[in-house]
Amino acid sequence: QLQASGGGLVQAGGSLKLSCAASVRTFSSHTMGWFRQAPGKEREFVGGITWSGGVGYYADSVRGRFTISRENAKNTVYLQMNSLKPEDTAVYYCAASSRLSRAVSEFGHWGQGTLVTVSS
């Protein structure tokens, strides 16, 4: 199971750093992904990171503002969010996949999300 944390209320232009703690077994998956779901909208891909090379890949809407990193010794993945916008407001989730993917359907081990609210 995965546990996301670090959400909160921030003003537009501000920053937040989310964390996702995973079990060792989950951590051995190929890719860890961050997703978000705003009220009334479908869950969408934000970014992912591979374990083999630590390569991050992002949705166009966050590229250049968000950065994913991982700390293998702590079985933890991070999402650094800078230059936040009101449209970034959502519940953020982390998940794991055995494939290099952006599709929600190919990720599992969903845990509780963490709410990020960006005020204008």
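Predicted model: local features only at pLDDT ≥ 70, side-chain atom pairs only at ≥ 80, totals over all residues.
Trainee: Why is the pair of F45 and Y57 called stacked?

Mentor: Check the distance, then the angle. The ring centres are 5.4 Å apart, and the cut-off for a pair is within 6.5 Å. The planes stand at 20°, and stacked needs under 30 degrees. So F45 and Y57 are a stacked pair.

Trainee: What makes this pair a tie between parts of the chain?

Mentor: F45 lies in strand β5 (residues 44–50). Y57 lies in strand β6 (residues 56–58). The pair therefore ties together parts that are 12 residues apart in sequence.

Trainee: Are F45 and Y57 buried or exposed?

Mentor: Buried means under 20% relative accessible area. F45 is at 11%, so F45 counts as buried. Y57 is at 13%, so Y57 counts as buried too.

Trainee: Which residues do the ring pairs link into a cluster?

Mentor: The cluster holds F35, F45, Y57, Y93, F107 and W110.

Trainee: Which rings does R43 lie over?

Mentor: R43 lies over the face of Y93, at 3.8 Å from the ring centre. R43 also lies over the face of W110, at 4.7 Å from the ring centre. The distance limit is within 6 Å.

Trainee: Now the charges. How many salt bridges does a search of the whole structure find?

Mentor: It finds 6 salt bridges.

Trainee: How do you know that E44 and R36 form a salt bridge?

Mentor: Their closest N and O atoms are 2.6 Å apart. The cut-off is within 4 Å. E44 and R36 form a salt bridge.

Trainee: What does the salt bridge of R36 and D88 tie together?

Mentor: The two side chains meet at 2.9 Å, N to O. R36 lies in strand β4 (residues 31–37), and D88 in the loop between β8 (76–81) and β9 (90–97), so the pair ties together parts that are 52 residues apart in sequence. D88 is buried, as is R36.

Trainee: Which residues are linked in a network of salt bridges?

Mentor: R36, E44, R65 and D88.

Trainee: Why is K74 called exposed?

Mentor: Exposed means over 50%. K74 has a relative accessible area of 54%, so K74 is exposed. Its salt-bridge partner E71 is at 29%, so E71 is partly exposed.

Note on methods:
Residues numbered from 1 in each chain as written. Heavy atoms only, no water. Phe/Tyr/Trp six-rings, centres within 6.5 Å; stacked < 30°, edge-to-face > 60°. Helix = DSSP H or I, 4+ residues; strand = E, 2+ residues; numbered from the N terminus. Buried < 20%, exposed > 50% of the residue type's maximum accessible area, 1.4 Å probe, protein only. Lys NZ or Arg CZ within 6 Å of the ring centre and 35° of its normal.
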